[in-house]
Amino acid sequence: MIVYLVRRLGQSLVAIAAMAVLVFVGVYAIGNPVDILINPESTQAQIAATMQRLGLDRPLWEQFGIFVWNALHGDLGISFVYGRPAMQIILERLPATMELALVALVLSVSIGIPLGVLAGLKPNSIGGRSIMAGSILGFSLPNFWQGMLLILIFAVLLGWLPAGGRGETVEVLGIRVSFLTLDGLKHLILPAMNLALFKMSLVIRLARANTREVCLQDYVKYARAKGLSSRRIVLVHILKNILIPVVTIIGLELGSMVAFAIVTETVFAWPGMGKLLIDSINLLDRPVIVAYLMLTVLIIVTINLVVDVIYSLLDPRVRLSEVDA
Amino acid sequence: MTLLQVEDLATHFFTRDGVAKAVDGVSFSLDRGEILGLVGESGSGKSVTGFSLLGLVDPPGRIVSGKIVFDGEDLVKGGEPMMRTLRGKRIAMIFQDPMMTLNPVLRIDTQMVETVLAHERISRKSALERCREALARVGIASPDERLKSYPHQFSGGMRQRVAIAIALLHEPDLIIADEPTTALDVTIQAQILSEVQKLCADTGLAMIWITHDLAVVSGLADQLAVMYAGKIIETGETGRVIEAPLHPYTKGLIASVPQGQKHGALLAQIPGTTPSLLNLPEGCSFRPRCPRADAACQEEPPLGALLPGRAARCFHPHLDERREALAS
Ligand SMILES: Nc1ncnc2c1ncn2[C@@H]1O[C@H](COP(=O)(O)OP(=O)(O)O)[C@@H](O)[C@H]1O
Ligand code: SF4
Ligand SMILES: [Mg+2]
């Protein structure tokens, strides 16, 4: 297990290093931020001074060296726009995004798995077919459009829930969260649902396909031959087998949930990292963009690492073969 | 004393391509403590017969008619509620492939204890004790350690022993063993056969041993029932059937068992292949492959009692050779 962990950790570090290069080179190609930040009337000397202040006059490899060195110290540069460390600005927005992504994940799992299993157990029933039809909609309608539809129905027509913002927050362990106040919870429901819908459809399909497959296995028939109740067969024999692939995929999807939050945050004016990213791209605020990308990569890589470990804990076959290896 | 009486059982699969009569009017009976060998080529309906007895036939299949009288009660009439109380308790089943029957993600103790608790309200501790005893009974050393293992840590033979132990947990009246040794190598197969035989003799449990391999059951079963295309075509006491089969199909099966032939000698295979259930010939379904077939065989032969304790479904049974054998 330890060998396995060390090896996985090594892979993660390589992935982060590769991303650092890609991000730096990619973002460098976006264009010269000075063109936007500086008054078009300013003189050549003023531009040169600004470029020098921001370190933009040095050769690319030197900028990259400085970038890496600073990044290792948690310093991803000063935002061109806010004049404060980019990392600090991102981190301020991180809790909002993480809260949104986690709540959406919990929603998509806690609704998606039962629905998917039901649809898998009775694929030809009306219920099973409706669940599948619903998941196809959730899958194929664009995310922003679903979000606007949610706003239209629940905020505009019914007036039950607010259309945007984060609402009242409370501080828990130094982190501001919405879900513990009634007002915050109300603000959270629609964006979380919006972010969850796509993943929920994925979870439903995954759970359904796996349930159908597992149902055909000899061990399910054997469980029936032992006289077990259908309840136990579904909740223990089937569920435990489908959880392995489903948890793996869902875990890996948490990372993309953070990325997907960009759309939802923009539609619902949710003050998270995603919205910050869009704003920063519009302003070519390079350090913030770089900080966002690096942090997201770090999050995704970490999540994948954790998921792998959980996966190996869940599946005895993986766990033991890794020990042998 | 009769434990199980199957009468005219029919289990059909209603597929898109037509109705597959996988079990088509099967009758047999089984006494307590008796071992019945259910023999036939693959696809003849043996497994479906076994599953029907436990109400485990999955759609598109279902029992369409017949009776399964177990210890005086008709299970077909009793339906799922009655079958469920019997499954694993009074009728246990052992499946063909031990690699596939134990749940790969659950520990052995979980899978054994749940079987005990499905039918009895006892503490987990005494359930575990029962599992330990059952494992010891099928010759598994250090049961405590084994109980904490997962199926993939066991060899095929070991897993099948575990499956037999699970079948024994409630001391059932009947065990249906569906080709339980087919997936195992010959030595393990022989070991398990002799152990099972001993268990049956010791505990008086009855058994239906399903196999495509006559050699396996010839030393084990008291009675044989030979199946072909969903029907039983010959029944009788094992020794007598093997010595002098009545039905041409049974004769062919016996001739194809390797037995003391010289190495490399050709075995007499039955010509042709098992017919598709969706496209059976008119009359006797063995007709296209039968050396004795004639015009009479275009009618469906009945299962006739041809000798005391012997029956066969054939218009031209091998009675003549019998007489010759008796005369000499
Ligand atoms: N799920 C199913 N769907 C359709 N037909 C089936 C199904 N299961 C079994 N059958 C039919 O029943 C026949 C007998 O199958 P089976 O009892 O498994 O044979 P075996 O004697 O090899 O155990 C098969 O040839 C097939 O035509
Ligand atoms: S009835 Fe005719 S075809 Fe069928 S087994 Fe007997 S002889 Fe052969
Ligand atoms: Mg079979």
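Is Asp71(B) buried, partly exposed or exposed? Asp71(B) is partly exposed, with a relative accessible area of 30%, where buried means under 20% relative accessible area, exposed means over 50% and partly exposed lies in between (1.4 Å probe, protein chains only). This briefing describes a predicted model, in which local features need pLDDT of at least 70, side-chain atom pairs count only at pLDDT 80 or more, and totals for chains, interfaces and linings use all residues. Residues are numbered from 1 along each chain as its sequence is written, chains are lettered from A and ligands numbered from 1 in the order in which they are written, and side-chain values use heavy atoms, with hydrogens and water left out.

**Confidence**

- The predictor assigns the complex an ipTM of 0.87 and a pTM of 0.78.
- Chain B has an average pLDDT of 87, and 95% of its residues score at least 70; pLDDT is the predictor's confidence in each residue, from 0 to 100.
- For chain A the mean pLDDT is 81, and 91% of the residues reach 70 or more.
- Within chain A, confidence is lowest in helix α13 (residues 316–324), with a mean of 53, and highest in helix α9 (residues 218–225), at 92.
- Where pLDDT is low, the predicted coordinates should not be read in detail.

**Chain A as a whole**

- Chain A contains 13 helices and 2 strands; helices (H or I, at least four residues) and strands (E, at least two) are DSSP runs, numbered from the N terminus.
- The C-alpha trace of chain A spans about 85 × 60 × 35 Å along its principal axes.
- Of the 325 residues in chain A, 41% are buried.
- Among the contacts in chain A between residues at least 6 apart in sequence, 73% join residues at least 24 apart; a contact means heavy atoms within 4.5 Å.
- Chain A exposes about 16200 Å², of which carbon and sulfur atoms supply 70%; accessible areas come from the Shrake-Rupley method with a 1.4 Å probe, and for residues only the protein chains shown count as cover.
- The 25 positive and 20 negative charges of chain A have mean positions 15 Å apart.
- In these counts Lys and Arg are positive and Asp and Glu negative, while His and the chain ends are not counted; the place of a charge is NZ of Lys, CZ of Arg, CG of Asp or CD of Glu.

**A residue of chain A**

- Thr43(A) lies in the loop between α2 (33–37) and α3 (44–54) of chain A, and its relative accessibility of 44% makes it partly exposed.

**Chain B as a whole**

- Chain B has 12 helices and 12 strands.
- A compact globule of 328 residues would have a radius of gyration near 20 Å, and the 21 Å of chain B agrees with this; the radius is taken over C-alpha atoms, and the globule rule is 2.2 Å times the number of residues to the power 0.38.
- Along its principal axes, the C-alpha trace of chain B spans about 65 × 50 × 40 Å.
- Buried residues account for 52% of the 328 residues of chain B.
- Of the contacts in chain B with a separation of 6 or more, 64% involve residues 24 or more positions apart.
- In chain B, the mean positions of the 34 positive and 39 negative charges are 4 Å apart.

**Backbone features of chain B**

- Most residues other than glycine have a negative phi, and most peptide bonds are trans.
- Pro59(B) and Pro60(B) are joined by a cis peptide bond, with omega about 10 degrees; Pro60(B) is in the loop between α1 (46–53) and β4 (61–70).
- Asp71(B) is not a glycine, yet its phi is positive, at about 50 degrees; Asp71(B) is in the loop between β4 and β5 (73–74).
- Glu179(B), also a residue other than glycine, has a positive phi near 45 degrees.
- Glu179(B) is in the loop between β7 (174–178) and α8 (186–203) and is buried, with a relative accessible area of 7%.

**Surroundings of Ile108(B)**

- Ile108(B) belongs to helix α4 (residues 108–117) of chain B and is buried, at 1% relative accessibility.
- Leaving aside residues up to four places away in sequence, Ile108(B) touches residues including Leu102(B), Arg146(B), Leu147(B) and Phe154(B).
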